[in-house]
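This briefing is meant for a reader meeting the structure for the first time. Please look over the sequence and the model before reading on.

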Amino acid sequence: MNCGFSRRLYAVTLLAARMSTLALLLLVPSCRAQEPSSAPESHVTVDTTLPVNWIYGAYIPKDAPVVPLTGNQRFKLYLRQTYTTPGIYVKTVLFSIHDQAKETEPDWGDGISGYGKRLGSLHAGNIIQNSLTSLGNAAVGFEPRYDRCRCEGAWPRIRHAVVRNFITYGGTDDKEIRPQIMSYAAAFGAGVTVASWEPDNSSVLTRGYQSMVTQAWVGVVVDALAEFAPDIKRMLSKNKAHDK
């Protein structure tokens with residue numbers, strides 16, 4: 001069993017590495033083709049147009065215009081969300097703790113070894129999902145960031161956060177509303193791939209559909225956090241100042 005899992009773990013690691021390499025190879029030529037050769041990029045511009053929060057990911061501030069990303073910006077956003085910000089690692093750890101507590105995949109055991117297998121499997125799945133999402137959005141020109149609502153009031157903002165998890169902008173018309181196909185296709189693809197190396201998994205398609213459902217509710221929660229984060233921050237700062 002250990003030998004078999006070692007082979008599967010090697011295959012998982014190799015697949016995640018191949019997906020990351022494919023995403024990097026395809027996104028780099030895209031960024032070279034779309035980025036103007038003159039006007040060198042400013043670090044200040046990148047930081048203001050590509051903010052990435054470690055909890056809720058990439059977003060567009062409320063007062064900032066929704067400007068289509070260049071290939072270079074898409075590439076940098078992929079790197080940040082997949083490797084250089086702690087969000088993906090926090091997500092992996094939280095879900096792996098949940099799976100360990102529920103003892104998913106009993107054949108992996110419930111000790112440190114079992115937890116390591118669940119952690120590695122989840123992280124590989126997250127990398128694959130991020131890679132597929134980034135490649136898909138880049139291919140069709142969809143907007144990958146959450147744009148905060150320009151509206152006022154709690155309910156309109158909540159509605160925006162919920163609906164925005166199922167629609168996006170882009171394609172032939174940068175401002176046209178599009179179904180959020182790529183996020184769910186990537187979730188399905190990652191779920192099926194992860195199921196293919198799990199022991200005694202009778203239906204990989206079922207796992208794919210389950211991943212899509214997870215993407216739906218997690219996406220709504222994440223978008224709501226992205227929408228109301230400034231309000232929460234102001235409230236916490238006000239309470240902290242009041243305590244002093």
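The points below move from the whole chain to individual residues.

The model is a predicted one. The chain holds eight helices and five strands, and buried residues account for 39% of its 244 residues. Particular attention is given to arginine 148, which is buried yet has no salt bridge.

**Overall architecture**

- Read from the N terminus, the elements follow the order α-α-β-β-α-α-α-β-α-β-β-α-α.
- Of the contacts between residues at least 6 apart in sequence, 69% link residues that are at least 24 apart.
- The accessible surface of the chain amounts to about 13800 Å². Carbon and sulfur atoms contribute 64% of that surface.

- Arginine 148 is located in the loop that runs between β3 (146-147) and α6 (154-164).
- For this buried residue, the nearest side chain of opposite charge belongs to glutamate 227, at a distance of 5.8 Å. A salt bridge requires a side-chain nitrogen of Lys or Arg within 4 Å of a carboxyl oxygen of Asp or Glu, and arginine 148 has none.
- Leaving aside neighbours within four places in sequence, the residues in contact with arginine 148 include Tyr59, Ile60, Pro61, Lys62 and His160. Also among them are Ala229 and Pro230, together with Tyr56, Ala226 and Glu227.

- Methionine 235 counts as partly exposed because its relative accessibility is 48%.

- Isoleucine 127 is found in helix α5, which covers residues 112-140.
- Isoleucine 127 is classed as buried because its relative accessibility is 10%, and the buried class takes in values under 20%.
- In sequence, isoleucine 127 and alanine 190 are separated by 63 residues. In space, the distance between the two, C-alpha to C-alpha, is 8.7 Å.

How values were computed
Residues numbered from 1 in each chain as written. Predicted model: local features only at pLDDT ≥ 70, side-chain atom pairs only at ≥ 80, totals over all residues. Heavy atoms only, no water. Buried < 20%, exposed > 50% of the residue type's maximum accessible area, 1.4 Å probe, protein only. Helix = DSSP H or I, 4+ residues; strand = E, 2+ residues; numbered from the N terminus. Lys, Arg positive; Asp, Glu negative; His and termini not counted. Contact = heavy atoms within 4.5 Å. Areas by Shrake-Rupley, 256 points an atom, 1.4 Å probe, with all protein chains shown as cover.
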